[in-house]
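Please look through the sequence and the structure below before reading on. The report then takes up a few of its features in turn.

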Amino acid sequence: MFGIGGGELLLILVVILMLFGSDKIPEIARTLGKGMAQLKNATNEIKHEIQKGASENGLDVNSLTGGITEEIESAKQSMNNALNPVEFQNPVEEIKEEFENLSGPIKRQM
C-alpha cells in the first residue's frame, strides 16, 4: 500500500493519535467520509451529464469504449499467459495421482 509497511503505518497512527487525541479522531473520520461521498456523487453527476449530452447528440458512449475494453481484456489475457504458461488446476490431485502411480492405489483402513 503506497510503499508503506506495517511499522510505518503504526507509527503514523500513533502520531495522529497523539496530535489530535482520541476524541477528535472519530470527527475527522466522519468529515473525511462525508467528503469522499460528496466527491463520489460529484463524479457520478459529471459522468451522467456527459452521457446525457452524448446521447442527445446521437453518440453512443458505450460503443466508443467497447473496443477499448475488449483490447484491455485481450492484453491482460496474453500477459497472464506469458507470465503463467503452466496453470495448475488442482495440485493436490496431481500429487495424489503421481503418488498412486509410484506406489499403487491408496487403501483406506477403518
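The structure holds one salt bridge. Both lysine 76 and glutamate 73 belong to helix α3 (residues 61–83), where they are three residues apart, about one turn of the helix. Glutamate 73 counts as partly exposed because its relative accessibility is 44%, given that buried means under 20% relative accessible area, exposed over 50%, and partly exposed in between (1.4 Å probe, protein chains only).

## How the model is described

Residues are numbered from 1 along each chain as its sequence is written. Since this is a predicted model, local features need pLDDT of at least 70 and side-chain atom pairs count only at pLDDT 80 or more, while totals for chains, interfaces and linings use all residues; side-chain values use heavy atoms, with hydrogens and water left out.

## The helices

The protein chain has four helices and zero strands, where helices (H or I, at least four residues) and strands (E, at least two) are DSSP runs numbered from the N terminus. The 15 residues of helix α1 (residues 6–20) should span 21 Å at 1.5 Å a residue, and this agrees with its end C-alpha atoms, which are 21 Å apart; the expected span is 1.5 Å times one less than the number of residues.

## Surface and patches

Of the 110 residues in the protein chain, 2% are buried. The chain exposes about 10300 Å², of which carbon and sulfur atoms supply 62%; accessible areas come from the Shrake-Rupley method with a 1.4 Å probe, and for residues only the protein chains shown count as cover.

A nonpolar patch on the surface, with about 960 Å² of accessible area together, includes Ile4, Leu9, Phe20, Ile28 and Leu32. The elements that give two or more residues to this patch are α1 and α2 (25–56), and the largest share, eight residues, comes from α1. Patches are made of residues with over 30% relative accessible area and no salt bridge, nonpolar side chains (Val, Leu, Ile, Met, Phe, Trp, Tyr) being joined within 5 Å and like charges within 9 Å. Isoleucine 28 lies in helix α2 and counts as partly exposed, because its relative accessibility is 32%.

How values were computed
Salt bridge = Lys/Arg side-chain N within 4 Å of Asp/Glu carboxyl O.
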